[in-house]
Amino acid sequence: MNRKSRNKRLDKGFSILGIASIAFGLIVLLVLIIDVFLDGSARLSWSFFTSFPSRKPELAGILSAWVGTVWIMAITALIALPLGIGAGIYLEEYAGKNRLTDFIEINIANLAGVPSVIYGLLGLGLFVRYFNLDRSILAGGLTLALLILPVIILSTREALRAVPFSIREASYASGATRWQTVRYQVIPAAFGSIMTGVILAMSRAVGETAPLITIGALTYIAFLPQGLSDPFTVLPIQIFNWVSRPQKGFFANAAAGIIVLLGLTLIMNAAAILLRHHYQKKIRW
Amino acid sequence: MQNPTFEIKAMRASYGAKEVLKGIDINILSNSVTAIIGPSGCGKSTFIRSLNRINDLIPNFHASGDILYRGEDIYSGDVDVVDLRRRIGMVFQKPNPFPKSIYDNIAYVLRVHGFDMREMIDEIVEKSLRKAALWDEVKDNLKQNALTLSGGQQQRLCIARTLAIEPEVLLFDEPCSALDPISTAKVEELIHQLKQNYTIVIVTHNMQQAARVSDHSAFFLMGELIEFGKTQDIFTKPVDARTEAYITGRFG
Ligand SMILES: Nc1ncnc2c1ncn2[C@@H]1O[C@H](COP(=O)(O)OP(=O)(O)O)[C@@H](O)[C@H]1O
Ligand SMILES: [Mg+2]
């Protein structure tokens, strides 16, 4: 048998394998989603969003959980966005290439792969205990900010690196300073990809449970936080709490909570994709 | 005898350990067009990109020797590189408009240099596009993204962008190599007109082009300047056998 037809067969075999594995993934996902919908859709109602958790499953809702999630996400974004994007811009555009920056780069890449529960331990030791922030919204937001910081730095650098050298060259050649070049050419050109990375990082943070449980986030809260120093819970913790209850009713609540959480991440990911699409259409080199 | 715009003595340039210019001595005369010719890889781009220090962007690049621009050593510590690049404009091989509107491509370089009055920017945008022979083609679509223009139009936009800040010197690094013959003719015609007011250095691998547009020609080979003189002389009675071999197309 000649090489060409062998390659052709290999090609075909590989694409069948690829399609099969994609199909497998999609089917599993679909089954999960259908299952969750069957279990939880009956509980989705206005009052589910406006009720506090309760001992009676029919009365329980996710009010404190989604409000907590909004608070935590806001704090996380407020801290991680400026720091992460700023650090990414500095490392990519300003810092020289030397041993120190190589070392920093490797470490950031490693940090992005550290299991989230470790960040929880760090948050517990640093924010909750050392800085005496207690199990507050601030401590939770800071912990998640640390968690997604390396991801944001990496994706920002990636986005900046994708801006063609010719654009920088054109800008410098017309007598622009580095700051003008970065501010008016490089960042706008990379903006879509930077935002895509940020949204994907945030959508990862939305579903994080382990680090927040580690710092001691509550699982049952029947009031709304009024400020940064108040205790909190978030959607995934509420879901986790309901799943671990024996009553059937709570199981349905958990499923309904999962639908909400899924919807939220889906919306964020869709926003990321739309953004990328929008900017790709606008900017093509 | 006019004062040379650039006086270059014993210029060397290297990327890391690789030396690519090995002692160049050349004077670039004011208000004339100097063509840099030579086979690819001989250091033409490195040479021209050293004149406005744009090659500083390349890590590991190093230039030494005397490179005097109007009597001033441009590689000395106290030169303001940003100002130098404003005074020495450059057009690149591949058109590199910003991914912005036609108008903003020019407005950006004006804003960079502190222009902020709207009417003034409007005026210079039009003036520069006219000088670059692009105005009539784009005047109704100034808000259109520059990347939707054809290659030849993009290159003329880049020329307009360079002219907008009124540099003293124009550097062209193979400005037509990515263009079709009609666009090439337009750009050449443009260079011909710009010659009145600017000192121009143009790298080209196209012999006819060098013969058509330049007053002086410099033949580079493997990092050395082999011959420099009036274009007419270089093309009709070259002194060095290697120059003759090159211009008659015997090696390339
Ligand atoms: N960024 C770079 N890094 C390392 N070597 C380079 C770089 N740019 C060019 N060179 C080398 O320098 C030599 C001269 O290149 P260049 O000046 O671009 O020549 P030309 O423009 O005449 O084709 C070539 O051998 C090329 O491989
Ligand atoms: Mg070249």
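Reader: Which word applies to B:Phe6 and B:Tyr69, buried or exposed?
Author: Both B:Phe6 and B:Tyr69 are buried; the term stands for under 20% relative accessible area, whereas exposed stands for over 50% and partly exposed for the range in between (1.4 Å probe, protein chains only). The model is predicted, so local features need pLDDT of at least 70 and side-chain atom pairs pLDDT 80 or more, while totals for chains, interfaces and linings use all residues. Side-chain values rest on heavy atoms, without hydrogens and water; residues are numbered from 1 along each chain as its sequence is written, with chains lettered from A and ligands numbered from 1 in the order written.

Reader: Why is the pair of B:Phe219 and B:Tyr246 called stacked?
Author: Its planes stand 25° apart, at 5.0 Å centre to centre. B:Phe219 belongs to strand β9 (residues 216–221) and B:Tyr246 to helix α10 (residues 241–247), so the pair ties together parts 27 residues apart in sequence. Helices (H or I, at least four residues) and strands (E, at least two) are DSSP runs, numbered from the N terminus. B:Phe219 and B:Tyr246 are buried.

Reader: Which residues do ring pairs link into a cluster?
Author: The cluster consists of A:Phe48, A:Phe49 and A:Trp242.

Terms used. Rings of Phe, Tyr and Trp (its six-membered ring) pair if their centres lie within 6.5 Å; planes under 30 degrees apart count as stacked, over 60 as edge-to-face and the rest as tilted.
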